[in-house]
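Take a look at the model, then read on.

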Amino acid sequence: MKQNICERIAKLRKMMKENGVAYYYITTADYHASEYADDYFKEREFMSGFTGSNGNLLIGADMAGLWTDGRYFIQAEKELEGSGIELFRMAEEGVPTTLEYLEQNMKEGEVLAFDGRTVATRLGQQMEEMVEKKNGKVYYDVDYVDAIWSDRPARKCEEAYALDEKICGKTVSEKLDMVRESMAKKNCQNLVLSKLDDIMWLFNIRGNDVECNPVALSYAVVTKDNSYLFLQEKAATEGLKSWIVNQPVVLCDYEKIMDFLQEQTWEGAVLLDKENISYAIYKLVKESAEVVFGDNPTELLKSMKNEKEL
């Protein structure tokens, strides 16, 4: 196993060198900041052998470091043994964060790369600002691990289904009105959502794509006049499609979200939650629209239970 890890890191370093990348950062997250990442998204585990639920991996030409919290120090020591990966114990005195380590060790003009779909906007911005101070660059639209992971598991996709309005208490139309009212208070005409529980609440649907959570992998875009739900093709059953036909929602392919955002002609500002939207989505939207940062309106609205839910 340790030999496999060393071989994978060697392959990654070769790709980094070929692309002029000094450091490659790998998170534990999926594309939606879910608490539990499905096997498809476990790139950090694949590249390090560390199986804990929290941790980030940084690979450089002559270093490899894994950051995790106190719950996993003993486990990480055992699982990293012989891999050449150094354990950085989060929150311990004298131990730098990943960002601090990069700030201390990146040289002038060097390149930092990561898969921007798995990095939250707040952290992505912090990394970008730090790298710019060193006159370097950030490559956020790469996934080098995918090229190495030949037997990568399929992304989980189970059937999604609609909830009866007798359970939800409010229709999709009513919820969209509430969300648009909150958007207007922030002078925004558009909203992009990737937080799965918020999307499930907004469209009165459920799924089973994330462990311990009744959610379907999805994205949503709400504009002043329309709303779009992006679901994996196999998740959208005929029954769900028949139900959506009668809702104020356009059903789209999960795989097309980036193309949609790139081609969208935005009218007005776009509201994004920098803690819950990926850096890749933020950068894409920012190219063609004014971005306003704020909490997802759905976060607060779904916490206020109506009479049926109570």
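## What is tucked away

Of the 310 residues in the protein, 53% are buried (under 20% relative accessible area with a 1.4 Å probe, counting protein chains only). This is a predicted model, where local features need pLDDT of at least 70, side-chain atom pairs count only at pLDDT 80 or more, and totals for chains, interfaces and linings use all residues. Residues are numbered from 1 along each chain as its sequence is written, and side-chain values use heavy atoms, with hydrogens and water left out.

## Overall build

You'll find 13 helices and 14 strands here (DSSP runs: H or I of at least four residues for helices, E of at least two for strands, numbered from the N terminus). The C-alpha trace spans about 55 × 40 × 35 Å along its principal axes.

As for contacts (heavy atoms within 4.5 Å), take those with a separation of 6 or more: 67% of them are between residues 24 or more positions apart.

## The cores

The largest nonpolar core holds 73 residues, and Y23, L112, V192, F203, V221 and L261 have the most contacts inside it. Such a core is a set of buried Ala, Val, Leu, Ile, Met, Phe, Trp, Tyr and Cys residues joined through side-chain atoms within 4.5 Å. Helix α9 (residues 196–203) gives this core its largest share, 6 residues.

What does V192 touch, leaving aside its neighbours within four places in sequence? Its contacts include A220, V221, L261, W266 and N296. There is also a second, separate core of 27 residues, with I9, M47, V142 and V145 among them.

Methods:
Buried means under 20% relative accessible area, exposed over 50%, partly exposed in between (1.4 Å probe, protein chains only).
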